[in-house]
Amino acid sequence: MQDKWNDGDAYEMYVGRWSRKVGQKFLSWLDVPEGQRWLDLGCGTGALTSQILQNCAPISVVGVEPSEGFLALAQDGNSDDRAQFLQGSGAALPLGDSAVDVAVSGLVLNFIPDKEQAMAQMMRCVDVGGTVAAYVWDYSGHVQFMRYFWDAAIELDPDAREKDEGIRFPICRPNALAELFTKAGLSDVVTAPIDILTPFDDFDDYWTPFLSGIAPAPGYCASLDEAARQRLKARLIETLPTDPDGMILLAARAWAVRGLR
């Protein structure tokens with residue numbers, strides 16, 4: 001089963017609505033001066049790029065994204081002439097040396113096969129004295145809407161464990177992130193948690209995004225036969241913390257890391 005990233009609307013319902021909240025807090029924590037040149041690696045549908053344009057007064061932002069579908073959505077959703085979107089990946093960024101002052105990557109680093117190469121590419125593109133930063137979900141800990149799903153899935157199907165992002169992505173921990181950034185040659189490396197609330201109006205609001213097949217957990221859910229999917233659904237109804245009005249109030253954490261070139 002391969003991770004699918006080809007449906008912007010499905011991504012928005014599953015995780016995009018929450019990633020924007022994290023992005024806002026990440027940019028506040030980063031606290032970069034105005035008038036900088038930015039790179040957004042793995043820009044997806046352009047959500048973080050839009051927040052940079054709205055809140056950070058950049059000279060320019062280049063969003064780099066491998067998915068044609070996501071790239072088209074990013075281009076359609078950002079008419080600001082300071083923004084440019086290019087197809088590419090962390091393996092070979094389509095920018096020149098020292099082309100930007102800030103390179104960021106939101107919720108993407110764990111999906112890049114060669115993380116050291118991606119770090120080297122970001123370092124190449126960032127000018128001396130510039131900032132490299134990223135954030136990733138705390139898959140193994142406090143992303144509760146994913147953890148409840150995987151805990152239920154593994155209880156019913158132990159083979160699901162190998163698909164659990166908390167197992168697959170050991171980089172998504174503060175010590176591992178700090179080590180990656182330090183080994184890349186960055187200085188003054190620091191990490192921080194970013195916590196948000198992720199309220200769901202009712203069970204359907206929680207469950208429906210898992211039927212899309214987009215991203216790892218929905219991909220696993222879509223791969224099940226109908227009987228297995230109904231068993232998983234029933235188990236989640238039993239275990240999710242639901243108030244008398246049907247709302248499911250959960251929380252999520254991302255880990256942020258930054259360093260100086």
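Q: How does H5 pass H9, in a left-handed or a right-handed crossing?

A: Two packed helices are described by the angle between their axes and the distance between the axes. A crossing is left-handed if the near helix is turned anticlockwise from the far one by less than a right angle, and right-handed if clockwise. Here, H5 passes H9 in a left-handed crossing. The axes of H5 (residues 144–156) and H9 (residues 216–223) come within 11 Å and cross at roughly 35°. Axes are lines fitted to C-alpha atoms, for helices over the stretch in contact, with angles running from 0 to 180 degrees between N-to-C directions. Helices (H or I, at least four residues) and strands (E, at least two) are DSSP runs, numbered from the N terminus.

This is a predicted model, where local features need pLDDT of at least 70, side-chain atom pairs count only at pLDDT 80 or more, and totals for chains, interfaces and linings use all residues. Residues are numbered from 1 along each chain as its sequence is written, and side-chain values use heavy atoms, with hydrogens and water left out.

Q: Which residues make the contact of H5 with H9?

A: Contact means heavy atoms within 4.5 Å. From H5 come Phe149, Trp150 and Ala153, and from H9 come Pro216, Ala217, Tyr220 and Cys221. They divide into seven nonpolar, no polar and no charged. Nonpolar covers Ala, Val, Leu, Ile, Met, Phe, Trp, Tyr, Cys and Pro; charged covers Asp, Glu, Lys and Arg; the others, Gly among them, are polar.

Q: How many residues of H9 are buried?

A: Buried means under 20% relative accessible area, exposed over 50%, partly exposed in between (1.4 Å probe, protein chains only). H9 is mostly covered, with six of its eight residues buried, including Pro218 and Gly219.

Q: And H3, where do its buried residues fall?

A: An α-helix has 3.6 residues a turn, so residues three or four places apart point the same way. In H3 (residues 68–77), Phe70, Leu71 and Ala74 are buried. Seen down the axis, they fall within an arc of 100°, so they line one face of the helix. That arc is taken from the directions from the helix axis to the C-beta atoms. The face turned away from the buried side carries the exposed Glu68 and Asp76.

Q: What is the phi of Ala215?

A: Most residues other than glycine have a negative phi. Ala215 has a positive one, near 75°. Ala215 lies in the loop between H8 (203–207) and H9, and is buried at 3% relative accessible area.
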